[in-house]
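This report describes selected local features of one protein chain. The sequence and structure come first, and the notes follow by topic.

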Amino acid sequence: MWHITRVTGNKKTGPMPVTTHGKQTCPPSCILKDRGCYGDNHPMMHHWNKVTKGERGVSFTEYIKQIRALPFGTLMRGQQVGDLPGNGIDTLDQDKCVTLAKAMAYKRKVAWTYTAYLLRKNLDTLRAMLATGYAVNKSCYTLDEVDEAMDADVPATMVWKSTFKERNQTTPKGRKVVGCPAQLQKDVTCSTCGGSKGPLCARINRDFAIGFYAHGPKAKVVDQVLSEYRGEE
């Protein structure tokens, strides 16, 4: 199922519409799937479970209608949990993804999201979505992955360990990864990030990636998963 919260109480995003997609959309290429995902924490997990089981939410057709009906210029975060429409394994559903992207961009909404689906296998779909104006960020777990995504003209984000003390990092190809302002400053949320230029994550053509620090009850689990993935231990 597919769900829209028209005004979220999420303190990190600030008051804005957010969407939730069922767990079945999450591919195994998300290394945090069932291992530290913040969607598995209270209270988010209760909402996510209901959407996943079909107890909350609407059909995809109705979902698209609801997105298109939102006011002109709406600031909107796609998928606070869940991933893009796909087979839940390795391939995005291009028709559904482009339909979703067009709805998100309709009436000049400022909308963004993230995906852990494999880059190269889904590059055509990601580029088609980006062409609509919907900012789809590739979720990355290493600096090399950031470079790979940005070499392909796909905006990128990076997961940092909770113990990472810097505010930025540089990739092997010299690109900057800058810390999420909403994590670094108490008075910033997604709704206020970037000032008049809009949230950093919503800027498709930016020349930098964005880093998110592992946080919450499962931060140490995320740290461990990242260490294993990067071969650091």
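Arg120 is exposed, with a relative accessible area of 51%; here exposed means over 50% relative accessible area, buried under 20%, and partly exposed in between (1.4 Å probe, protein chains only). The model is predicted, so local features need pLDDT of at least 70 and side-chain atom pairs count only at pLDDT 80 or more, while totals for chains, interfaces and linings use all residues. Residues are numbered from 1 along each chain as its sequence is written, and side-chain values use heavy atoms, with hydrogens and water left out.

Arg120 sits in the loop between β4 and α4 (123–132). Helices (H or I, at least four residues) and strands (E, at least two) are DSSP runs, numbered from the N terminus. Leaving aside residues up to four places away in sequence, Arg120 touches Glu148 and Ala152, where contact means heavy atoms within 4.5 Å. Between Arg120 and Ala149 the C-alpha to C-alpha distance is 8.9 Å, and the two are 29 residues apart in sequence.

Thr115 belongs to strand β4 (residues 110–115) and is buried, with a relative accessible area of 1%. Its side chain reaches the backbone nitrogen of Tyr117 at 3.2 Å. Not counting residues up to four places away in sequence, Thr115 touches Asp83, Leu84, Leu92, Leu126, Val136, Asn137, Lys138 and Ser139.

Asn137 is part of strand β5 (residues 135–140) and counts as buried at 0% relative accessibility. The side chains of Asn137 and Arg206 are joined by a polar contact of 2.6 Å. A polar contact is a pair of N or O atoms within 3.5 Å; within protein, one must be able to donate a hydrogen and the other to accept it, and residues adjacent in sequence count only if both atoms are side-chain atoms. With residues up to four places away in sequence left out, the residues that Asn137 touches include Trp112, Thr113, Tyr114, Thr115, Cys201 and Arg206. Pro155, Ala156 and Thr157 are also among the contacts of Asn137.

## Cysteines

How many disulfides does the rule give? The count comes to 0 disulfides, a disulfide being a pair of cysteine sulfur atoms within 2.5 Å. For Cys180, the closest cysteine sulfur is in Cys190, at 6.2 Å, which is too far for a bond. For Cys201, the closest cysteine sulfur is in Cys180, at 6.5 Å, again too far for a bond.

Cys180 counts as buried at 6% relative accessibility, and Cys201 counts as buried at 8%. Cys201 is also one of the residues touched by Asn137.

## Salt bridges

The count comes to 8 salt bridges, each a side-chain nitrogen of Lys or Arg within 4 Å of a carboxyl oxygen of Asp or Glu. In one of them, the side chains of Asp40 and Lys23 meet at 3.5 Å, N to O. Both residues lie in the loop between β2 (18–21) and α1 (44–53), so the pair ties together parts that are 17 residues apart in sequence. Asp40 is buried, at 16% relative accessible area, whereas Lys23 is partly exposed, at 28%.

Glu228 and Arg35 form a salt bridge through their side chains (3.2 Å, N to O). This pair links distant parts of the chain, with Glu228 in helix α7 (residues 219–230) and Arg35 in the loop between β2 and α1, 193 residues apart. Glu228 is partly exposed at 41% relative accessible area, and Arg35 is partly exposed at 36%. In the salt bridge of Lys161 with Glu232, the closest N and O atoms are 2.7 Å apart. Lys161 is in the loop between β6 (156–160) and β7 (168–170) and Glu232 in the segment after α7, 71 residues apart. Lys161 counts as buried at 18% relative accessibility, and Glu232 as partly exposed at 45%. Salt bridges that share partners also join Asp147, Asp151, Lys173 and Arg175 into one network.

## The second largest pocket

The second largest pocket has a volume of about 180 Å³ and is lined by 13 residues. Leu118, Leu119, Lys138, Glu145 and Tyr229 lie nearest its centre. β5 and α5 (143–151) each supply at least two lining residues, and the largest share, 3 residues, comes from α5.

On a 1 Å grid over the protein atoms alone, a pocket is an open set of points where a 1.4 Å probe fits, with protein on both sides within 12 Å along at least five of seven lines; lining residues have an atom within 4 Å of a point. Grid points are joined across faces, edges and corners, and a volume is the space filled by probe spheres set on the points.
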